[in-house]
Amino acid sequence: MRRTNPFHVILANNLLQNIVNFTVWFAVTFWAFLETQSVFVTGMLGGIYLVLTAAFALWFGSLVDHHRKKRIMLLSSAGSLLLYILALLFYSFVPETELTRYTDASLWGFILIVMLGVICGNLRTIALPTLVTIMVEEDKRDKANGLVGMVAGIGFLLTSGISGLLVAWDGIRGTLFLAVGFSLVAFVHMLVLRFDEPDPALSTPEEHRRVDLRGTVKVIRAVPGLVALIIFAAFNNLLGGVFMALMDAYGLSLMKVQQWGLLWALASSAFIVSGLVISRSGLGKNPVRTLLWVNLITWVVASLFTVQSSILLLALGSVIWMFLGPFMEAAEQTTLQKVVPYERQGRVFGFAQSVEQSAAPLTAFLIGPLTQFLAIPFMTSGLGAEMIGEWYGTGPERGMALVFTITGLLGVLLTTGALASRSYRLLSAAYAGHRDDAES
């Protein structure tokens with residue numbers, strides 16, 4: 001009888017907890033909008049998630065390095081479980097009228113508790129790539145990272161459908177009840193799961209169990225070109241914040257909400273297909289090159305998919321965007337797994353997540369007002385409508401489209417510069433050097 005691969009079992013456990021956490025995140029966003037009828041609240045929810053992710057990432061990375069990964073997975077599920085129970089109690093005892101006004105502190109207290117429960121799942125996000133390092137052979141890690149991306153895609157696809165149904169069924173209360181139950185299942189399943197991993201205390205016996213930001217930065221700077229890779233990813237996220245802020249508004253300006261939801265669900269399927277492709281074919285001999293070329297294609301598509309008011313262009317752009325996303329994530333993870341010592345990977349992954357995720361909220365918070373008060377008037381009755389409106393189109397939707405086009409062109413310039421940079425050549429050489437050392 002064939003023995004089940006422990007890594008695949010861990011992936012299944014991770015899938016369950018991810019579905020729970022992201023269902024809660026989507027559901028609280030839908031519920032908050034329905035209760036308050038405020039776009040301000042939904043915008044703030046996205047910003048809160050990214051700010052908390054950036055704030056906790058480095059500490060989470062330190063926890064991952066200093067404890068066994070199974071313990072970290074258990075801590076993640078336990079944290080989410082306890083916070084969801086607390087949120088359920090809060091919801092049960094606070095008067096409902098206090099949760100329907102965005103000016104009420106009770107609403108924001110409830111949202112904060114729920115979002116902290118979701119953020120606990122980021123411990124798993126940081127721990128999982130380090131498990132790839134210790135559980136998967138070096139020449140197969142890129143394919144394993146593809147499986148990780150596929151699991152994330154399945155979770156995202158299921159979540160986008162489940163959340164709306166749950167909120168329609170019983171608001172946020174029913175969602176939290178199910179979140180408590182399935183988080184408990186994930187915790188118990190991980191508790192009985194057995195797999196081998198090195199003792200982190202033996203990895204660095206001379207090191208105190210602290211965050212050690214200075215030491216983490218020293219490790220990153222010791223790898224030629226790695227600082228540039230993290231900065232590049234941060235700028236990518238800075239531009240990507242535009243899509244987080246405007247994508248739904250642009251899609252809903254072209255079609256009904258049911259059609260947009262269906263289109264997004266179908267586009268999310270590309271995330272799963274991409275993970276399968278990577279798990280079978282890998283990322284090539286140089287994941288750094290793969291990362292940059294995939295970025296270049298992505299930004300070219302981003303600059304073109306809104307040039308006309310076309311649902312077909314929007315659908316193609318969304319599918320390509322979702323398909324290429326896992327390639328970028330897997331390429332970055334595979335590179336870090338190769339060039340960063342295992343005992344420091346948690347903190348480096350956490351540092352990278354902190355720097356990269358801190359960029360998107362800035363754009364997300366700024367781009368809405370800039371689009372509303374500059375781009376839309378520019379393409380409705382301003383100079384832009386006069387100059388290019390005849391072929392590009394005019395109106396609010398074309399103002400949003402112009403922001404996408406400009407963002408895509410900036411991304412093309414950024415990636416082209418990265419491909420021509422000395423940092424790219426140095427990091428590629430460092431990766432190749434580690435590969436040669438492993439093979440010799």
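Author: A helix here is a DSSP run of H or I of at least four residues, and helices are numbered from the N terminus. The model is predicted.

Reader: How many helices and strands does the protein chain have?

Author: The count for the protein chain is 16 helices and 0 strands.

Reader: Is glutamine 372 buried, partly exposed or exposed?

Author: The relative accessible area decides: under 20% is buried, over 50% is exposed, and partly exposed lies in between. Glutamine 372 has a value of 46%, so this residue is partly exposed.

Reader: How far apart are glutamine 372 and methionine 400, in sequence and in space?

Author: Along the sequence, 28 residues separate glutamine 372 from methionine 400. In space their C-alpha atoms are 8.5 Å apart.

Reader: What share of the contacts in the protein chain with a separation of 6 or more comes from residues 24 or more positions apart?

Author: Such pairs account for 85% of those contacts. One case to look at is alanine 267, in helix H10 (residues 257–281). Leaving out residues up to four places away in sequence, alanine 267 touches Ser318, Val319 and Met322. Alanine 267 has a relative accessibility of 1% and therefore counts as buried.

Reader: What part of the 440 residues of the protein chain counts as buried?

Author: The buried part is 54%. The accessible surface of the protein chain comes to about 20100 Å², and carbon and sulfur atoms hold 67% of that surface.

Reader: Which residues have the most contacts inside the largest nonpolar core?

Author: First, the general idea: in soluble globular proteins, nonpolar side chains tend to be buried together. In this model, the largest nonpolar core has 116 residues, and Trp31, Phe110 and Met115 have the most contacts inside it. Helix H1 (residues 6–36) gives the most to this core, with 13 residues.

Reader: What is phenylalanine 110 in contact with, leaving aside its neighbours within four places in sequence?

Author: Phenylalanine 110 is in contact with Val28, Trp31, Ala87, Phe90, Tyr91, Leu99, Ile172 and Leu176.

Reader: How are two packed helices described?

Author: The description uses the angle between their axes and the distance between the axes. For helix H3 (residues 69–93) and helix H4 (residues 105–119), the angle is about 160° and the axes are 7 Å apart. H3 is therefore roughly antiparallel to H4, since angles over 145 degrees are counted that way. Their crossing is left-handed. Among the residues that meet are Ala87, Phe90 and Tyr91 of H3, and Gly109, Phe110 and Ile113 of H4.

Reader: Where does glutamate 98 lie?

Author: Glutamate 98 is in the loop between H3 and H4. Its relative accessible area is 26%, so glutamate 98 is partly exposed. Setting aside neighbours within four places in sequence, glutamate 98 is in contact with Asp104, Ser106 and Leu107.

Reader: Are H1 and H3 roughly parallel or roughly antiparallel?

Author: The axes of H1 and H3 cross at roughly 30° and come within 12 Å. H1 and H3 are therefore roughly parallel to each other, the cut-off being under 35 degrees. The residues that make the contact include Ile10, Asn14 and Trp31 of H1, with Met73, Tyr84 and Tyr91 of H3. The crossing of H1 and H3 is left-handed.

Reader: At what angle do H11 and H15 cross?

Author: The axes of helix H11 (residues 287–304) and H15 cross at roughly 160° and come within 7 Å. These two helices are therefore roughly antiparallel to each other. H11 passes H15 in a left-handed crossing. On the H11 side the contact includes Leu292, Trp293 and Trp299, and on the H15 side Phe404, Gly408 and Gly411.

Reader: Is glutamate 397 buried or exposed?

Author: Glutamate 397 lies in H15, which runs over residues 396–419. Its relative accessible area is 16%, so glutamate 397 is buried. Not counting residues up to four places away in sequence, glutamate 397 touches Tyr250, Ser253, Leu254 and Ser309.

Methods
Residues numbered from 1 in each chain as written. Predicted model: local features only at pLDDT ≥ 70, side-chain atom pairs only at ≥ 80, totals over all residues. Heavy atoms only, no water. Buried < 20%, exposed > 50% of the residue type's maximum accessible area, 1.4 Å probe, protein only. Contact = heavy atoms within 4.5 Å. Areas by Shrake-Rupley, 256 points an atom, 1.4 Å probe, with all protein chains shown as cover. Core = buried A, V, L, I, M, F, W, Y, C linked by side-chain atoms within 4.5 Å. Axes fitted to C-alpha atoms, helices over the stretch in contact; angles between N-to-C directions. Parallel < 35°, antiparallel > 145°, perpendicular 65-115°, else oblique. Left-handed = near helix turned anticlockwise from the far one by under 90°.
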